[in-house]
Amino acid sequence: MPSHSNVTSAYQAIPSIEVLLQYDVLRRLAQTDGHAHVRNALREATAAMRESIARNTVPVAAEDIADWICNQAVSLLQAAQRPTLQSVFNLTGTVLHTNLG
């Protein structure tokens, strides 16, 4: 069972969104992807960290929480930029008109 002081210090180690937006990588992403997208990714990453603390499954030490949140936000933004459509071959005409299907 985690001590109350460890849990409290972990929650206190979570910086504000405004502080996180000062990281160089996030500042650059805000310029290219938009401030709102970066802010939303930071909120999602911060929420994930709070859930981890509540479940006592914090993935990093308290002093590394800000970097973890920053990395998670960057990963979320990169995942959102990946194309979701895949190239396919449309062989409908071949199957219908040649009776090969």
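**Entry 1. Salt bridges**

I began with the side chains of R39 and E18, which form a salt bridge with an N to O distance of 2.8 Å. The model I am reading is a predicted one. I then noted where the two partners sit: R39 belongs to helix α4, whereas E18 lies in helix α2, residues 17-20. They are 21 residues apart, and the pair thus links distant parts of the chain.

I looked up the accessibility of both partners. R39 has a relative accessibility of 18%, and because the limit for a buried residue is under 20%, R39 counts as buried. E18, with a relative accessible area of 44%, is partly exposed.

How many salt bridges does the structure hold? I find 2. The other entry I recorded joins the side chains of R27 and D24, at 3.8 Å from N to O. I checked that distance against the cut-off, which is within 4 Å for a salt bridge. R27 and D24 are 3 residues apart in helix α3, so about one helical turn separates them. I also noted R27 as partly exposed, at 38% relative accessibility.

**Entry 2. The chain as a whole**

I turned to the secondary structure and listed 6 helices and 0 strands for the protein chain. Along the sequence the pattern reads α-α-α-α-α-α. The protein chain has 101 residues, of which 27% count as buried. I then looked at contacts with a separation of 6 or more: residues 24 or more positions apart account for 63% of them in the protein chain.

**Entry 3. Helix α3 against helix α5**

I examined helix α3 (residues 24-33) beside helix α5 (residues 65-81). Their axes come within 11 Å and cross at roughly 25°. Angles under 35 degrees count as roughly parallel, and α3 and α5 are therefore roughly parallel to each other. I recorded their crossing as left-handed.

Which residues meet here? From α3 I listed V25, L26, L29 and D33; from α5, C70, A73, V74, L77 and Q81. Sorted by class, the residues of this contact of α3 with α5 comprise 7 nonpolar, 1 polar and 1 charged.

**Entry 4. Helix α4 against helix α5**

I next took helix α4, residues 35-55, with α5. The two pack at an angle of about 125°, and their axes are 8 Å apart. That angle makes α4 oblique to α5. I noted that α4 passes α5 in a right-handed crossing.

On the α4 side of the contact I listed H37, V38, A41, L42, E44, A45, T46, A48 and M49. On the α5 side I listed I65, W68, I69, Q72, A73, L76 and L77. The classes in this contact of α4 with α5 are 12 nonpolar, 3 polar and 1 charged.

**Entry 5. S52**

Is S52 buried or exposed? Its relative accessible area is 9%, so S52 is buried. Leaving aside residues up to four places away in sequence, I found that S52 touches T57, V58 and P59.

How values were computed:
Residues are numbered from 1 along each chain as its sequence is written. This is a predicted model: local features need pLDDT of at least 70, side-chain atom pairs count only at pLDDT 80 or more; totals for chains, interfaces and linings use all residues. Side-chain values use heavy atoms; hydrogens and water are left out. Axes are lines fitted to C-alpha atoms, for helices over the stretch in contact, and angles run from 0 to 180 degrees between N-to-C directions. Helices (H or I, at least four residues) and strands (E, at least two) are DSSP runs, numbered from the N terminus. Angles under 35 degrees count as roughly parallel, over 145 as roughly antiparallel, 65 to 115 as roughly perpendicular and the rest as oblique. A crossing is left-handed if the near helix is turned anticlockwise from the far one by less than a right angle, and right-handed if clockwise. Contact means heavy atoms within 4.5 Å. Ala, Val, Leu, Ile, Met, Phe, Trp, Tyr, Cys and Pro count as nonpolar, Asp, Glu, Lys and Arg as charged, and the others, Gly among them, as polar. Buried means under 20% relative accessible area, exposed over 50%, partly exposed in between (1.4 Å probe, protein chains only).
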